[in-house]
Amino acid sequence: MNLLVVGSMAYDDVETPAGTRTHQLGGSVTYFSVAASYFTGVAIIGIVGQDFQSEHRELLTSKGIDTSGIEIADGQTFHWSGSYLNDLNDAETVETDLNVFANFNPTVPQKHQSTPYLFLANCDPETQQSVLNQMTDNLQLVAGDTMNHWIVEKRQPLDHLMTQLDFSVINEAEARMYTEKSNLVDVAEGILDEGPDNVIIKRGEYGAVLYNENQRFIVPAYPVQNIIDPTGAGDSFAGGFMGYIAATGRHDPETYRQAVIAGSVIASFTVEGFGLDRLANLTNDEITDRFFEFEDLTTFDTAIRLPLRNSTT
Ligand code: AMP
């Protein structure tokens, strides 16, 4: 497989203005891997409990995802419940039950250690670090995400991990919390100061920004009229982004821009249904059409003379 991801596998209870769902398949690697699977081969490192349903593993394998790195432990699968009633862009965590996830100490199977692309999806930064440490020097690009829970609980290991990332892919609210800044430019620069070469700030319905020393790229989100469930949008964005880069094998500014659009396209489908309902059932035509719609939405003719009034200079 071309891309390896470690993170959470969960059963979620979610409440959105469109309704509620309980015991919905979720977790950062789940959304990430399904999103990335449209572009490249993905393998998962994760942990679930005895309650994890075989139909959910089958859903992942039906997308060509390698699930052999999923450990089944004694106990219950990680459970998260969140509400989007106040803000569709920022989940309010109602409850986090780490369950088997609390003792997640993965050994990366040998066949995955030389995977060229690695995504450290949202989970304990010490677990993210341990997976990174087990990779061989065939690793070409590593990116990572985090969230408020870990910023509060595991700040030091997170700071250390940040220095080793090619890309930090982080939600706007979490990036603000992490840097203790509010202006978006300050926040992006604050993250870069922590060590990653690039930062992508995910801004929910306002899109995403890509920042590095030489490049700034800002895109809106695809305008979805009927948002059903924002859960997993951030992980799907990351999956589309990393999947695109891993599929092309290119590491240049233009590819990074296209990858941001790929991530935005995939995430825009995720929010159109509860859980994986929409994300897991996309066609290549749907993805391609929306990719080109983005071009329509964001380009304009610059070969014009600005109708500026005469100035004295
Ligand atoms: P997002 O893409 O940011 O909407 O992520 C949603 C997913 O994050 C849900 O499916 C949750 O199961 C998962 N999640 C929530 N809290 C945590 C946490 N503390 N660590 C890892 N994953 C989490």
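Helix H4 (residues 125-133) is mostly covered in this predicted model. Seven of its nine residues are buried, meaning under 20% relative accessible area with a 1.4 Å probe and protein chains only. Helices (H or I, at least four residues) and strands (E, at least two) are DSSP runs, numbered from the N terminus. Among the buried residues of H4 are Pro125, Gln128, Val131 and Leu132. The buried residues pack against strands S1 (3-6), S8 (117-120) and S9 (141-144), with contact taken as heavy atoms within 4.5 Å. They also pack against helices H5 (148-153) and H6 (155-162). Aspartate 124 caps the N-terminal end of H4. Its side-chain oxygen lies 2.8 Å from the backbone nitrogen of glutamate 126.

Residues are numbered from 1 along each chain as its sequence is written. Local features need pLDDT of at least 70, side-chain atom pairs count only at pLDDT 80 or more, totals for chains, interfaces and linings use all residues, and side-chain values use heavy atoms, without hydrogens and water.

Strand S1 belongs to an open sheet of nine strands with mixed pairing, in the order S5-S4-S1-S8-S9-S10-S11-S12-S13. Two strands pair if DSSP finds at least two bridges between them. The edge strands, S5 (70-72) and S13 (216-219), each pair on one side only.

In S1, Leu3 and Val5 point one way, Leu4 and Val6 the other, and all are buried. In a regular strand, side chains alternate between the two faces of the sheet. Four bridges join S1 to S4 (residues 42-48), in parallel. Valine 6 stands opposite isoleucine 45 there. Four bridges also join S1 to S8, again parallel. Valine 5 has phenylalanine 119 as its bridge partner in S8.

Terms used:
Buried < 20%, exposed > 50% of the residue type's maximum accessible area, 1.4 Å probe, protein only. Polar contact = N/O pair within 3.5 Å; in protein donor to acceptor, adjacent residues only side chain to side chain.
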